[in-house]
Amino acid sequence: MSQSYQSDLLRMLDERGYIHQVTDPGALDQLAARQIVPGYIGFDATAPSLHVGSLVQIMMLRRLQQTGHKPIVVMGGGTTKIGDPSGKDESRKLLTPEIIDANIATIRAVFERLLTFGDGPTDAIMVNNDEWLSELGYIDLLRDVGPHFTINRMLTFDSVRLRLDREQPLTFLEFNYMILQAYDFLELARRYDCRLQMGGSDQWGNIVNGMELGRRMEGHELFGLTTPLLTTADGAKMGKTAAGAVWLNEDQLPAYDFWQYWRNTDDRDVGRFLRLFTDLPLEEIARLEALEGAQINDAKVVLANEVTKLVRGDDAAIAAEATARETFALGGAGEDLPTLAVGPDGMRIGAVLTEIGFTASNGEAKRKLAEGAVKLDGETVSDPGFVVAPGEGESLKLSLGKKKHGMVAR
C-alpha cells in the first residue's frame with residue numbers, strides 16, 4: 001500500500017517503486033517538503049564503466065534533482081583502495097591510484113547525461129572520497145571514530161556474517177570498509193550539509209552506521225533510504241547476462257547490445273522497469289503495461305528506446321532500433337550488429353558463438369548447436385566441428401535463437 005507523502009521527492013520515489021526502507025519517513029518527508037535536501041550515493045571505481053545494476057541508483061539521484069533537491073555523486077576513490085565486502089565471496093584485487101582515477105574519468109560521462117552539474121543550489125556535484133580519506137591519520141581515525149563502532153555489531157552485518165558463515169577469508173582491510181563509509185556520510189554532512197544517503201538494500205547497515213556516527217559525533221539529523229534488491233522476474237541479478245555484464249559506457253558495450261538487453265525484458269518486468277528507468281508519465285506506463293500478447297513487444301521497444309536515449313543519447317537509440325527492425329522484421333543485417341572478424345582459416349562455430357558473446361562457454365555453445373538454435377546465413381548449423389570461414393571481404397549473418405544476431409566477417 002502506497003503511503004501518503006507530502007514532498008514531491010518521497011511521493012515520486014514511492015510511486016515509481018524505489019523505496020524499500022526509510023529510516024524516519026515522516027521527518028524526511030517534512031524536511032524535503034520545506035527545503036532543498038542534498039543527498040548522496042556512493043559508487044565504486046573498480047572498472048572503467050558502471051553496469052546496469054547501478055542504474056537504479058543513478059536514476060534515484062536523477063529523481064532527487066527532478067524534485068528540486070541536490071544530488072551528490074560520491075566516487076569511491078578512497079574506498080576502492082580497500083574494496084567493499086558486501087555481496088562478495090572473496091577479496092577484491094587492489095587497484096593502483098592511476099587506474100582508479102582513469103575509471104572515475106570514464107564513469108563520469110554517464111552521470112553527465114543523466115544529471116545537471118554546476119554550482120547552483122540543486123545542481124549535481126561529483127566528489128571523490130579520497131579527498132578526505134587519504135588525509136586521515138590512521139591513529140587519529142581509530143581514536144576519534146573507532147569508539148563509536150562495536151565489533152559485536154559489526155559481526156552481525158550480512159557482508160561480514162555471510163563470509164564468516166562460509167568460512168571464507170575476510171581481511172582486516174575490508175573489515176574497515178564500513179567504518180570508512182560511515183565516515184563519508186559524516187564528512188559529506190560537514191562539507192555539503194548532506195542529509196540523506198541512498199543505496200541498495202544491501203547497504204542498509206552501512207547507511208545506518210553513518211547516520212549514527214553523524215548523530216553521536218556532531219548531533220546531525222541524517223536519513224537513509226534504500227531500494228529493493230533488484231532482480232528480474234526469473235530471479236536473475238540485474239545487469240548480468242550469459243555473455244557478461246551490461247555496461248553503461250559505449251566503450252564497454254555497443255549501443256545495439258545495450259538496447260537489445262532492454263528489448264529482451266521479461267513480460268512481467270516491463271511496467272516496473274518503465275517506472276524505474278524512464279521518465280515516461282505514470283499514465284503512459286500503465287497503458288503500456290496493460291498491453292497483452294504480441295503487443296507487449298511494442299512496450300519493450302519503448303522501454304529499450306527510452307533507456308538507451310537516457311544513457312547513450314537519442315542517436316544511439318534511433319540507430320539501435322533501426323538495426324533491430326532491419327534484422328528482425330525485414331530479415332536483413334543491420335549496421336549496428338556485433339561483428340566478429342576471423343582469419344583466412346576461419347573459426348569453429350562453438351568458438352565463434354562464445355567470442356561474439358552469444359554463449360558464456362563452449363559447453364553452452366555445444367548445447368545450443370544440438371538444440372538447433374544456431375543459424376548461419378539462415379541455415380541451421382548443428383555440428384560443433386563446423387568451421388565458419390567467410391571469403392575475403394565477405395560477411396555471414398550469425399543467429400542464436402530469435403533474439404541474438406551478429407556478423408562474422410573476414
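Phe273 and Phe277 are both buried, where buried means under 20% relative accessible area, exposed over 50% and partly exposed in between, with a 1.4 Å probe and protein chains only. Before we go on, note that this is a predicted model, in which local features need pLDDT of at least 70 and side-chain atom pairs count only at pLDDT 80 or more, while totals for chains, interfaces and linings use all residues. Residues are numbered from 1 along each chain as its sequence is written, and side-chain values use heavy atoms, with hydrogens and water left out.

**Aromatic rings**

Phe273 and Phe277 both lie in helix α13 (residues 270-277), 4 residues apart, or about one turn of the helix. Helices (H or I, at least four residues) and strands (E, at least two) are DSSP runs, numbered from the N terminus. An α-helix has 3.6 residues a turn, so residues three or four places apart point the same way.

Rings of Phe, Tyr and Trp (its six-membered ring) pair if their centres lie within 6.5 Å; planes under 30 degrees apart count as stacked, over 60 as edge-to-face and the rest as tilted. By this rule there are 7 aromatic pairs. Here are two of them:

| Pair | Centre to centre | Angle between planes | Type |
|---|---|---|---|
| Phe43 and Phe111 | 5.0 Å | 70° | edge-to-face |
| Phe273 and Phe277 | 5.6 Å | 70° | edge-to-face |

**Charges over rings**

A charge sits over a ring if NZ of Lys or CZ of Arg is within 6 Å of the ring centre and within 35 degrees of the ring normal. Phe258 has the charged end of Arg312 over its ring, 4.8 Å from the centre. Likewise, Arg108 lies over the face of Phe117, at 4.6 Å from the ring centre.

**A look at Ser399**

You can find Ser399 in strand β14 (residues 395-400). Is Ser399 buried or exposed? Ser399 counts as buried because its relative accessibility is 9%. Leaving out residues up to four places away in sequence, Ser399 touches Ala373, Val374, Lys375, Lys404 and His405, a contact being heavy atoms within 4.5 Å. The side chains of Ser399 and His405 are joined by a polar contact of 2.7 Å. A polar contact is a pair of N or O atoms within 3.5 Å; within protein, one must be able to donate a hydrogen and the other to accept it, and residues adjacent in sequence count only if both atoms are side-chain atoms.
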